[in-house]
Amino acid sequence: GHKPSAKIISISYNQDLANDLASSCRSLMLSPFYQGVFGTRLSDFQSGDRLKVELVAQHCRSIGLETTIIGLRVDGRSLDALPWLLDCDVLICSTDTHSSRAVLNAMAYAFYIPLIDGGVQVGMRLDGILEALGSEIRIVGPGLPCLWCLGTLNAGTIREENLPEVERTRLLAEGYGSGTEQAVPSVAAVNVSAAGGMASALVGL
């Protein structure tokens, strides 16, 4: 509040902790106490429980490029998404699930659409201590190794992701699931590095 133009980044080691810190900061800035003392306010861009796709679309529009930005609230694995994906010249994949990556991987070869796949690898020790960080960028398409060949996709994980919630929970309780949905650290610097690598891959196509 004392320096409204200052840019501050709060970084944590875990997504859950990051959410807690962001929620606490937001609550403070919306409180009558804070707003009675300081003139700074949260922008509309930070509002509510909006999906990431909506926030990204709004941010891209704010840049002012002469490009039409469409934010779709659909599952990339669904038939609703298929017409939009088929209309693309390039597919850029940064999804969190193996099943959505498998769909885009298949589309790249079936319809000759180049796919740029990027992800962040976070290594954790058994005691929960962060051990390693890294990002990977893969260009996929006819004439190139697929995500299956590269060892990126796992059939067992895809099966688990598509099980009903009750069945997935039961398997985890019995020790048969892999726990693919457990929280992992979210590190902004590595995410930015991966995004930069994917942008460079796009320019190089």
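Which strands does helix H8 lie across, and at what angle does H8 run to S3? I looked this up in a predicted model. Helix H8, residues 188–204, lies across S1, S2 and S3. Its direction runs at about 15 degrees to S3.

**Entry 1: the chain as a whole**

I listed the secondary structure and found eight helices and three strands in the protein chain. Reading from the N terminus, I recorded the order α-α-α-α-β-α-β-β-α-α-α. I then turned to burial: of the 205 residues, 23% count as buried. The protein chain exposes about 14,200 Å², and carbon and sulfur atoms supply 58% of that area. For contacts between residues at least 6 apart in sequence, I noted that 48% join residues at least 24 apart.

**Entry 2: the sheet**

I traced the strands next. The three strands form an open sheet in the order S1-S2-S3, with mixed pairing. Strand S1 (91–93) and strand S3 (130–140) stand at the edges with a single partner strand each, so one side of each has no neighbour in the sheet. From one strand to the next, the twist averages 10 degrees.

I examined the two pairings separately. S1 and S2 pair in the parallel sense over three bridges. Within this part of the sheet, I found Asp117 in S2 as the bridge partner of Cys93. S2, residues 115–124, and S3 run antiparallel and are joined by ten bridges. I noted two positions facing S3: Leu115 stands opposite Val140, and Val122 stands opposite Leu133.

I checked helix H5, residues 98–110, against the strands. H5 lies across S1, S2 and S3 and runs at about 150 degrees to S2.

Which element gives the most residues to the largest nonpolar core? I began with the core itself, which has 14 residues. Those with the most contacts inside it are Leu85, Leu91, Leu104, Met107, Leu115, Val140 and Leu147. S1 and H5 are the elements that give two or more residues to this core. H5 gives the most, with four residues.

Leaving aside residues up to four places away in sequence, Met107 touches Leu82, Leu85, Leu86, Leu91, Tyr112 and Ile113. I also noted again that Leu115, listed among the core residues with the most contacts, is the residue opposite Val140 in S3.

**Entry 3: Arg138**

Is Arg138 buried or exposed? I located Arg138 in strand S3. Its relative accessible area is 11%, and the cut-off for buried is under 20%, so Arg138 counts as buried.

I then listed its surroundings. Not counting residues up to four places away in sequence, Arg138 touches Arg101, Leu115, Ile116, Asp117, Gly118, Gly119, Leu147, Leu150 and Thr152. Among these contacts is Asp117, recorded above as the bridge partner of Cys93. I also looked up a distance: Arg138 and Gly197 are 59 residues apart in sequence and 9.6 Å apart in space, C-alpha to C-alpha.

**Entry 4: helix H3**

I compared the span of helix H3, residues 52–63, with expectation. H3 has twelve residues and reaches 17 Å from its first C-alpha to its last, close to the 16 Å expected at 1.5 Å a residue. Just after H3, I found Gly64 with a positive phi of about 90 degrees.

Technical notes: Residues numbered from 1 in each chain as written. Predicted model: local features only at pLDDT ≥ 70, side-chain atom pairs only at ≥ 80, totals over all residues. Heavy atoms only, no water. Expected span 1.5 Å × (residues − 1). Buried < 20%, exposed > 50% of the residue type's maximum accessible area, 1.4 Å probe, protein only. Contact = heavy atoms within 4.5 Å. Areas by Shrake-Rupley, 256 points an atom, 1.4 Å probe, with all protein chains shown as cover. Pairing = 2+ DSSP bridges. Axes fitted to C-alpha atoms, helices over the stretch in contact; angles between N-to-C directions. Core = buried A, V, L, I, M, F, W, Y, C linked by side-chain atoms within 4.5 Å.
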